[in-house]
Amino acid sequence: MSVTLEELETTYRDSADPWNFRTSPYEQEKFAATRAALSKDRYASAVELGCGNGALAEHIAPCCDSYVGVDGVERAIEAARQAVPAARFVNCFLPCPLPPGNHDLIILSEILYFMDEGGIGALAEQISHVSQGAEIICVTFLGPTGHVLQGEQALEIFQHAIGPQCTFVNVKRTSGYRIDRHVPQEEHP
């Protein structure tokens, strides 16, 4: 991870919503666009990596039978649990073992550029082992990140690392973000 857990905890020190997810029209539009980018109306099991305070989970969890959010900052996890009490939230700093389950939706929303190339590769390898049949949504910030990797650079590393079995299609692009989606092809007997 290029951003340390201590840096993230410092970000959350004064607020459980340091990026104004709950009040920013830009963020709310992006969350609605992420929901609109899903290929199905309903999912059995979703996992969101880097779920923060649960602001995106509020938009996605209602269309899932089971929703698991993962984040390394305890204050963020506490806020997420309050925001979406029906979901499960796990305190784990990425890259870490993914929550077990047969997830048919994996969401990575503005998380990849917080990682370094090695961390992205490790995460992609894990996802490729557990994601057969899973739709993968990547939301990428297009502005300057202030981190080692920029958003599109991190996305490219992830897409290369996860391998050719996952083909991503850009489903939305604005001046501030893009949404890319991998939908697995259905296997026919």
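**Cavity and ring pairs**

Modeller: The largest cavity comes to about 30 Å³ in volume. A cavity here is a set of points on a 1 Å grid over the protein atoms alone where a 1.4 Å probe fits but cannot get out, and the volume is the space filled by probe spheres set on the points. This is a predicted model, so local features need pLDDT of at least 70 and side-chain atom pairs count only at pLDDT 80 or more, while totals for chains, interfaces and linings use all residues. Residues are numbered from 1 along each chain, and side-chain values use heavy atoms, without hydrogens or water.

Biologist: Which residues line the largest cavity?

Modeller: Lining residues have an atom within 4 Å of a point; among them are Leu108, Glu110, Tyr113, Val139 and Leu155. Strand 5 (135-141) and helix 6 (151-162) each give two or more residues, and helix 6 gives the most, with 3. Both are DSSP runs, at least four residues of H or I for helices and at least two of E for strands.

Biologist: New topic: how many aromatic pairs are there?

Modeller: The count is 5 aromatic pairs, taking ring centres within 6.5 Å. Phenylalanine 158 and phenylalanine 168 make one that is edge-to-face (planes over 60 degrees apart), at 6.1 Å centre to centre and 65° between the planes.

Biologist: Where do phenylalanine 158 and phenylalanine 168 sit?

Modeller: Phenylalanine 158 is in helix 6 and phenylalanine 168 in strand 6 (residues 168-173), 10 residues apart.

Biologist: Is phenylalanine 158 buried or exposed?

Modeller: Buried, because its relative accessibility is 0% and the cut-off is under 20% (1.4 Å probe, protein chains only). Phenylalanine 168 is buried too, at 14%.

Technical notes
On a 1 Å grid over the protein atoms alone, a cavity is a set of points where a 1.4 Å probe fits but cannot get out, and a pocket is an open set with protein on both sides within 12 Å along at least five of seven lines; lining residues have an atom within 4 Å of a point. Rings of Phe, Tyr and Trp (its six-membered ring) pair if their centres lie within 6.5 Å; planes under 30 degrees apart count as stacked, over 60 as edge-to-face and the rest as tilted. Buried means under 20% relative accessible area, exposed over 50%, partly exposed in between (1.4 Å probe, protein chains only).
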